[in-house]
Amino acid sequence: MDFSYPLFQIPFVGYYLIFLAFLFGAVFASFITCTAWRVVRHEDWMLGHSHCDTCGHELSTADLFPIISYIALKGKCRYCGSKVPPRDLIFEIILGVLFAATLALHGTVDAAVIAALALEMLLLGLSLADWDSGVIPDGFLAAILIVWIITVGFRQDIQRFAVEGLIASLALGLLMALATAITGKIMKTKVSYGPTKLAMCLMLFLGFKGSVIAVGVAIILGVIFVIAARAKKRKISLAPAISIGFVAAFLVKDILALIAV
Ligand SMILES: [Zn+2]
């Protein structure tokens, strides 16, 4: 199975695929925000219908089109007229743009880009779950590991990719775990190893160079997030910082490859 061909060789097809990637991003954002919401509230995430948060009315298919439903219903519930927060709409647009940008920068449809899109979706879900509950659910980490195992099978440089990923993950992960433990001792607080586990899962994909970029961005954002959380007296959630760092590292790799060509 070979999906790879230069995206812009036939211009129309390239733009069409990028538009399609945007739509997929919006649809998957809608799915994953709902999943994260259910995981945080310990509801069944596979079954069950979506319902309005205010009146509890079950939502029909027509209410669940990403972006379009929100605009058509002017951001209100069809049944009770209460305002629906624009949060979901914003994440649908963000993941749509991210999917489109990832595909456009990567330039081909291959296993690597499909893995990246799957990861971006999972990162959005676990970031939202962490933001709402202060915990990164293990189920999302397991899903990331499954994506990695599948990706390994598709790589031509299987040994280099798998070995470098494992070494980067173990070495940098150990450093992060140490830093977390020391921070806990100094601050005399209970610390969570969730962010370390998440970073370790992601570094499997990046190898050393990418991991250093990702961790660097994540540390800078993490410090900003911690200061902001303290000021607002809310729970600290580091998953969004780590997620942004990882996505930045993946995109930077493709941007550098474009410049090199
Ligand atoms: Zn309602």
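How many Å separate the centres of domain 1 and domain 2, taken over C-alpha atoms? The answer is 24 Å. To see the two parts, colour 1–109 as domain 1 and 127–261 as domain 2; these bounds come from an automatic or database domain assignment.

Two notes before going on. Numbering starts from 1 along each chain as its sequence is written. The model is predicted, so local features need pLDDT of at least 70 and side-chain atom pairs count only at pLDDT 80 or more, while totals for chains, interfaces and linings use all residues.

**The whole chain**

Switch to cartoon view: the protein chain has eight helices and zero strands, in the order α-α-α-α-α-α-α-α. Helices here are DSSP runs of H or I with at least four residues, strands are E runs of at least two, and both are numbered from the N terminus. The radius of gyration is 20 Å, close to the 18 Å of the globule rule for 261 residues, so the chain is as compact as a globular protein of that length. That radius is taken over C-alpha atoms, and the rule is 2.2 Å times the number of residues to the power 0.38. Along its principal axes, the C-alpha trace spans about 60 × 55 × 30 Å.

Next, select the contact between the domains: nine residues come from domain 1 and eleven residues from domain 2. A contact means C-beta atoms, placed from the backbone, within 7 Å. On the domain 1 side, α1 (11–40) and α3 (87–106) each supply at least two residues. Of the elements on that side, α3 gives the most, with five residues.

**Helix α4**

Now pick residues 111–133, helix α4: its 23 residues should span 33 Å at 1.5 Å a residue, and its end C-alpha atoms are 33 Å apart, which agrees. The expected span is 1.5 Å times one less than the number of residues. Step one residue on and you reach Gly134, which follows α4 and has a positive phi, near 80°.

**Last stop: Val40**

Finally, centre on Val40 in helix α1. Leaving out residues up to four places away in sequence, Val40 touches Ala129, Asp132 and Ser133. Draw a C-alpha to C-alpha distance from Val40 to Ser133: 6.5 Å in space, against 93 residues in sequence.

Notes: Contact = placed C-beta atoms within 7 Å.
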